[in-house]
Amino acid sequence: MKAVKINKTGGPEVLKVEEIILGKPGNNEVLIEHISIGLNYIDTYHRSGLYPLKLPSGLGMEASGIIKEVGPNVSNFSVGDKIAYAGQPLGGYSSHRIYPTKNIVKVPDNIDLNIVGTLMTKGLTAFYLLYKTYAVKSGETILCHAAAGGVGQILCQWAKSIGVKVIGTVGSNEKIDLAKKYGCDEVINYSEEDFAKKVLELTNGIGVPVVYDGVGKTTFEKSCECLQVRGTMISFGNASGALDPINVPKVLQPKGLYFVRPSMQQYLRTNEEINEAATNLFEQISSSKIKIEIFKKYKLEEVVKAHEDLENRKIIGPAIIIP
């Protein structure tokens with residue numbers, strides 16, 4: 001059995017594949033053989049130290065697989081079940097692992113485990129952003145940054161299925177068609193155009209009720225400009241770097257804006273919350289309202305290359321690691 005470990009924080013070179021020996025699953029735990037492992041930008045935050053970890057540590061927040069062994073007191077899962085998970089504890093970058101059942105969901109037979117491997121973190125994030133952080137309504141117009149990225153592709157398709165008009169931003173002209181393919185009505189290349197000005201033009205000067213921003217540092221203030229009075233600014237990622245301190249009187253106060261910095265730990269705290277999100281997500285996949293195409297597959301031994309590609313923006317859409 002193999003697992004990726006870090007003994008110190010830093011660049012991709014700190015990622016090491018190690019041989020591991022697992023014991024027996026304990027109470028309310030199962031032993032999982034991974035089929036597919038999700039590759040997410042948050043993994044780079046854990047590796048770099050932006051999100052501090054107790055070291056040494058594993059990495060990886062999501063995976064799909066097959067249950068190979070169940071521990072004592074496990075009654076709702078059986079050997080052979082197709083399952084997936086997302087969230088803490090970290091350690092998805094591995095061929096096998098022991099994991100608590102409270103964070104696991106069963107995967108319907110009609111859904112490919114390779115797809116699910118990249119779906120849980122991004123898909124469950126899209127669910128809580130659209131239904132919990134700000135509950136979008138049919139007929140509204142929203143702004144989604146990084147619309148061609150992993151979360152963006154799912155969020156834009158999901159919003160479109162609700163009846164929402166989606167304005168997306170991308171960082172290059174090559175990504176415009178991709179963003180339109182995955183649900184955007186309008187796409188703005190924010191590296192070439194003032195996206196705030198364009199959004200206000202598209203909304204007749206009113207602005208949007210909500211901005212979903214996974215980019216971070218470089219888009220924050222312009223995103224606030226896009227919002228209508230009492231709009232909601234949702235910052236859920238740092239692809240361009242962590243946010244600078246917010247000047248509340250300058251940025252938030254003039255329009256009475258709401259600012260939210262959500263995470264999975266706040267919205268998916270219980271098995272009931274996880275299952276609600278997963279059930280809704282699997283329904284969207286089964287009905288083809290959300291379509292997922294794996295952009296690239298990496299072997300576990302290629303994890304350094306995977307992180308290099310991720311940080312250099314070479315990954316356009318969902319990518320997975322195959323143990």
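I take helices (H or I, at least four residues) and strands (E, at least two) as DSSP runs, numbered from the N terminus. The model is a predicted one, in which local features need pLDDT of at least 70 and side-chain atom pairs count only at pLDDT 80 or more, while totals for chains, interfaces and linings use all residues. Residues are numbered from 1 along each chain as its sequence is written, and side-chain values use heavy atoms, with hydrogens and water left out.

**Entry 1: helix 1 and helix 11**

I started just after helix 1, where Gly49 takes a positive phi of about 100 degrees. I then looked up the packing of helix 1 (residues 41-48) with helix 11 (residues 303-311), and found an angle of about 110 degrees with the axes 10 Å apart; axes here are lines fitted to C-alpha atoms, for helices over the stretch in contact, and angles run from 0 to 180 degrees between N-to-C directions. That makes helix 1 roughly perpendicular to helix 11, on a scale where angles under 35 degrees count as roughly parallel, over 145 as roughly antiparallel, 65 to 115 as roughly perpendicular and the rest as oblique.

Taking contact as heavy atoms within 4.5 Å, I noted that Tyr41, Asp43, Thr44 and Arg47 in helix 1 meet His307, Leu310 and Glu311 in helix 11. The residues of this contact of helix 1 with helix 11 divide into two nonpolar, two polar and three charged, where Ala, Val, Leu, Ile, Met, Phe, Trp, Tyr, Cys and Pro count as nonpolar, Asp, Glu, Lys and Arg as charged, and the others, Gly among them, as polar.

Which residues of helix 1 are buried? With buried meaning under 20% relative accessible area, exposed over 50% and partly exposed in between (1.4 Å probe, protein chains only), they are Asp43, Thr44, Tyr45, His46 and Arg47. What covers these buried residues of helix 1 includes strand 1 (2-6), strand 3 (29-38) and helix 11.

Not counting residues up to four places away in sequence, Glu311 touches Pro12, Tyr41, Thr44 and Arg47.

**Entry 2: aromatic pairs**

I searched the whole structure and found eight aromatic pairs, a pair being rings of Phe, Tyr and Trp (its six-membered ring) with centres within 6.5 Å, stacked if the planes are under 30 degrees apart, edge-to-face if over 60 and tilted for the rest. The rings of Phe127 and Tyr131 have their centres 5.0 Å apart and their planes at 20 degrees, so this pair is stacked. Both Phe127 and Tyr131 lie in helix 3 (residues 120-133), four residues apart, about one turn of the helix. Phe127 counts as buried at 2% relative accessibility, whereas Tyr131 counts as partly exposed at 34%.

The rings of Tyr128 and Tyr267 are also stacked, with centres 4.7 Å apart and planes at 5 degrees. Because Tyr128 lies in helix 3 and Tyr267 in helix 9 (residues 264-267), the pair ties together parts that are 139 residues apart in sequence. Tyr128 is buried, with a relative accessible area of 3%, and Tyr267 is partly exposed at 22%. I also noted that ring pairs link Tyr41, Tyr45 and Tyr51 into a cluster.

**Entry 3: helix 3 and helix 10**

Helix 3 packs with helix 10 (residues 271-286) at an angle of about 100 degrees, the axes being 9 Å apart, which makes helix 3 roughly perpendicular to helix 10. Which residues of helix 3 meet helix 10? They are Met120, Gly123, Leu124, Phe127 and Lys132, and their partners in helix 10 are Glu276, Ala277, Ala278, Asn280, Leu281 and Phe282. I count this contact of helix 3 with helix 10 as seven nonpolar, two polar and two charged residues.

**Entry 4: the backbone in the loops**

I looked up the cis peptide bonds next, and one joins Leu55 and Pro56, with omega about -5 degrees; Pro56 lies in the loop between helix 1 and strand 4 (57-58). The peptide bond from Gln88 to Pro89 is cis as well, with omega near -5 degrees, and Pro89 has its place in the loop between strand 6 (82-86) and strand 7 (96-100).

Asn28, a residue other than glycine, has a positive phi near 60 degrees, and I found Asn28 in the loop between strand 2 (16-19) and strand 3. Ser288 is not a glycine, yet has a positive phi of about 65 degrees; Ser288 is in the loop between helix 10 and strand 15 (296-299) and is partly exposed, with a relative accessible area of 44%.
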